[in-house]
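The sequence and the structure come before my entries.

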Amino acid sequence: APPANRSVCDGYGARKVRVSCSQCPGDPFNSRTWSVLQCSATPLVPPVVPAGPTLIGTAGIVNVLLVVSDHNNHGLFAQVERVLNQLHLAGTRGMTPFVFLGRKVFASPDSCSVGENQYFEPAAGDNVWEYYFEQVSDFRLGLRALHGRRPRVLVADVDDARRHAIQRDRDAVVSYFRFDVYDDNLHQIRVRVRAMGARLLADWVRVRPPLRAEAAALIAEWRARAPRLLGVHLRGTDKVTHPKIPLERYYRYVDAYLLANPSALIVLCTDDASYYHAFVTRYKSRVVSRGVGYKTRNVVRDPAISRAVKGKEAVVDALLLAHCDFLLKGTSSLAEFAIWYNPQLSEEHIDLQFETKATASDAFKRLVPDWAGGPRASRPFSQVRAEAMLDALRGVGRTRPHASGATVGVTGERAARLRDAHASRWDGVEPQSDGAGVSLWPEQTLYRPESAGAGAGGGGMGGRGKQARLKEVKLERGACVGKLRNLTRRECKQYAMQEGLKYLGHTEEAKEYAGCLLWNREHVEFNLANPGSSDCSFSPDAVCVCLAHRTA
């Protein structure tokens, strides 16, 4: 075995002495034990309960999963990606999560990933997560008891959390995919992974109010000026994993979008000042942006730039992109966050990282929107939906439950529910049923709905038996009457899965038709209202999903 690298590696080689990280021993979890340096004002280990009578009672122990970052060179949203997989682990294993992105990452002292979180700033606090996001549970460091039980803090290997998600639910949240090839299998993996990211984000992650307010003010200003917003994310200074994308590749699509939407604005989000200058030179006042980028070699690692501030700017940029009608992007966890936040962008985007062989594939060509010369009909936001998302960003209206039991503000009308519906109403992904082992990302086998069983009752789909395909499904503008009947809640979800549509879960809206509804030809939702609307003419965006009565 090669000798351990005793210097402090930073991802580009050891600091100062620049010793190659190729000598690092690799995964520290290959060893039975290892030590990790952590820094926090409050100890991560819960305080010892003194002997004698306590207020804890006899309820036992509550397992708290300390959700961490494991690599000093990860950008903020690469850390968010890994947080989501750990939150999935906590949720499926019955643990209470607490996100702690401290000064030092959770890595073995002699591994290549050890070092300092690139967003940590002492004046901003011990926990980078809390600079930008609300905490995911009511556990806090230093607590002797949580709901009458003594907390036991656990840490899981970040890669093991990813593997656990794949093993249990056939997918894990990830931002980086293959770009040299593209086919239907890889497309389905991307769609499923983004749906999973959307569900976990909606269940757990809340951006702090000041950042939401900053983004909302900009979106409101730009929406007042233009009915369409084209989001453009251009990674420049910190793009090191994949090649930088030539600006000409962006120009082709931007030009086509502006031709089809003459009054649209370009929402430009970039860390690179040269990219910002090039876009403003070409498109002038059509470009709007939160900032103008940086003149630096690498924004993530530049010590002259405030660590906490650059993270705040990244979060605001991600929210701005999420509120655009269409998104042009390359490889980026930040841009993937925008898609998780607004799953409509799962279809309404083009990834310009794809190479020639991939873009020549039929699977990719089918994704190109009509305004760019492709076959797919693009679906921009309606004004109602754009306003509803903006209200949700501002925190206007009623509150909806947080996975931790806390609440956050959203609006209560149907249009304002859409941001929730696209994300938090995902009923989840189905477990693998074929006993396949855990594969390395992203070589999972293609998920086939017919191999996963349907459970009984309440719309659940967790069983293991073979599921028959629904036949003679009819779409009606009127109602499911005569020779047609309503689908059950379970059948509604099954219909969405077999047709490759997004299932939003169930709702209860008296003004909508009671039963299975198809919205905008892409989202399926079951309305429990009784009696509800008499037919599906209540909205031009909805049709009833019906099933033909069986005859002898």
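**Entry 1**

I began with Ala318, which lies in helix α8, and I kept in mind that the model is predicted. Is Ala318 buried or exposed? I found a relative accessible area of 0% for Ala318, and because buried means under 20%, Ala318 counts as buried. Leaving out residues up to four places away in sequence, I listed Phe77, Leu334, Phe337 and Ala338 as the residues that Ala318 touches. I also looked up His233, which is 85 residues from Ala318 along the chain, and the C-alpha atoms of the two are separated by 9.1 Å.

**Entry 1: the nonpolar cores**

Next I turned to the largest nonpolar core, which has 66 residues, and noted that Phe77, Trp129, Tyr132, Phe133, Trp222, Leu320 and Phe337 touch the most other members. Helix α8, residues 307-322, gives this core its largest share, 9 residues. I then followed Phe133 and, setting aside neighbours within four places in sequence, found Phe133 in contact with Val80, Val205, Arg206, Val207, Arg208, Val315 and Phe337. A second, separate core has 34 residues, and Ala256, Ala264, Tyr283 and Val287 are among them. I wrote beside this that nonpolar side chains tend to be buried together in soluble globular proteins.

How do the axes of helix α1 (residues 76-93) and helix α4 (residues 184-204) cross? I read that they come within 10 Å and cross at roughly 70 degrees, which means that α1 is roughly perpendicular to α4. On the α1 side I noted Leu84, Leu87, His88 and Gly91, which meet Met196, Gly197, Arg199, Leu200, Leu201 and Trp204 in α4. Sorted by class, this contact has 6 nonpolar, 3 polar and 1 charged residues.

**Entry 2: checking helix α5**

I checked the length of helix α5, residues 209-225: its 17 residues, at 1.5 Å a residue, should span 24 Å, and the end C-alpha atoms are 24 Å apart, so the two agree. In α5 I found Leu211, Arg212, Ala215, Ala216, Leu218, Ile219, Trp222 and Arg223 to be buried. These buried residues of α5 pack against several elements, including α2 (129-132), β4 (229-234), α8 and α12 (383-394).

**Entry 3: the whole protein**

Last, I counted 14 helices and 16 strands in the protein, and noted that 54% of its 552 residues are buried. Among contacts between residues at least 6 apart in sequence, 68% join residues at least 24 apart.

Key. Residues are numbered from 1 along each chain as its sequence is written. This is a predicted model: local features need pLDDT of at least 70, side-chain atom pairs count only at pLDDT 80 or more; totals for chains, interfaces and linings use all residues. Side-chain values use heavy atoms; hydrogens and water are left out. A nonpolar core is a set of buried Ala, Val, Leu, Ile, Met, Phe, Trp, Tyr and Cys residues joined through side-chain atoms within 4.5 Å. Buried means under 20% relative accessible area, exposed over 50%, partly exposed in between (1.4 Å probe, protein chains only). Helices (H or I, at least four residues) and strands (E, at least two) are DSSP runs, numbered from the N terminus. Contact means heavy atoms within 4.5 Å. Axes are lines fitted to C-alpha atoms, for helices over the stretch in contact, and angles run from 0 to 180 degrees between N-to-C directions. Angles under 35 degrees count as roughly parallel, over 145 as roughly antiparallel, 65 to 115 as roughly perpendicular and the rest as oblique. Ala, Val, Leu, Ile, Met, Phe, Trp, Tyr, Cys and Pro count as nonpolar, Asp, Glu, Lys and Arg as charged, and the others, Gly among them, as polar. The expected span of a helix is 1.5 Å times one less than its number of residues.
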